[in-house]
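Look at the sequence and the 3D view below. Then read on for a short tour.

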Amino acid sequence: MPEGAEAFEKPLVRGPVSAPDAQGRPRRVTRRFPLFTRDTARPEGGGRAAPGDAPAPARQWPMLAVLGLVALGLLLTALDVFRVGCILIGAALLVGAALRWLLPGVGMLAVRSRFTDIVTYGVLGAAIVLLALMAQPGPWLQIPFLKDTLHFTVSN
């Protein structure tokens with residue numbers, strides 16, 4: 001064995017130890033925050049959705065599916081099918097929440113923790129769908145107590 005090779009096998013570290021550095025040696029940690037952030041942790045589920053040897057679009061299919069539905073919803077909205085387009089945009093976010101919940105790896109669809117992503121996608125998707133259903137003129141969904149709640153606004 002070359003001289004100094006034993007140092008890599010059994011490092012002597014006193015105190016708490018964090019993850020190994022680039023050479024595989026454990027680092028000492030302090031309780032102070034670093035002056036500069038050098039890297040960030042990948043969100044759970046942020047790995048590839050397909051194997052690494054698959055082409056790039058296949059590795060990110062969950063994100064591309066959600067973006068495709070949003071693009072179709074925006075196209076329908078631009079073509080003056082406002083309500084259906086907005087419902088499709090909200091449904092795309094709900095699909096994103098379902099994918100984030102069901103799949104272990106969703107690629108770039110994972111932005112924060114799994115719980116935060118599911119709640120964010122779900123609440124925003126449900127709000128967009130609800131607002132699209134209640135949009136004037138001729139809403140598809142009427143909430144009876146809404147007019148009483150907003151009685152100070154301008155009516156007819």
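Are R100 and D117 buried or exposed? Both R100 and D117 are buried. Buried means under 20% relative accessible area, exposed means over 50%, and partly exposed lies in between, with a 1.4 Å probe and protein chains only.

## About the model

This is a predicted model, where local features need pLDDT of at least 70, side-chain atom pairs count only at pLDDT 80 or more, and totals for chains, interfaces and linings use all residues. Residues are numbered from 1 along each chain as its sequence is written, and side-chain values use heavy atoms, leaving out hydrogens and water.

## The chain

The chain has six helices and two strands. From the N terminus, the order is α-β-β-α-α-α-α-α. Helices (H or I, at least four residues) and strands (E, at least two) are DSSP runs, numbered from the N terminus. The chain has 156 residues, and 24% of them are buried.

## Helix 3 against helix 4

Two packed helices are described by the angle between their axes and the distance between the axes. The axes of helix 3 (residues 61-78) and helix 4 come within 7 Å and cross at roughly 170°. That makes helix 3 roughly antiparallel to helix 4. Axes are lines fitted to C-alpha atoms, for helices over the stretch in contact, and angles run from 0 to 180 degrees between N-to-C directions. An angle over 145 degrees counts as roughly antiparallel.

Which residues meet here? On helix 3, they include W61, V66 and L69. On helix 4, F82, L88 and V95 are among them. Contact means heavy atoms within 4.5 Å.

Helix 4 spans residues 82-102 and holds A91. A91 is partly exposed, with a relative accessible area of 28%. A91 and G73 are 18 residues apart in sequence and 9.3 Å apart in space, C-alpha to C-alpha.

## Salt bridges

Side chains of opposite charge can pair when their charged atoms come close. The whole structure has two salt bridges. A salt bridge is a side-chain nitrogen of Lys or Arg within 4 Å of a carboxyl oxygen of Asp or Glu.

R100 pairs with D117 at 2.8 Å, N to O. R100 lies in helix 4 and D117 in helix 5 (residues 114-133), so the pair ties together parts 17 residues apart in sequence. R112 also forms a salt bridge with D117, with the closest N and O atoms 3.1 Å apart. D117 has 0% relative accessibility, so it counts as buried. R112 is at 33%, so it counts as partly exposed.

Notes. Parallel < 35°, antiparallel > 145°, perpendicular 65-115°, else oblique.
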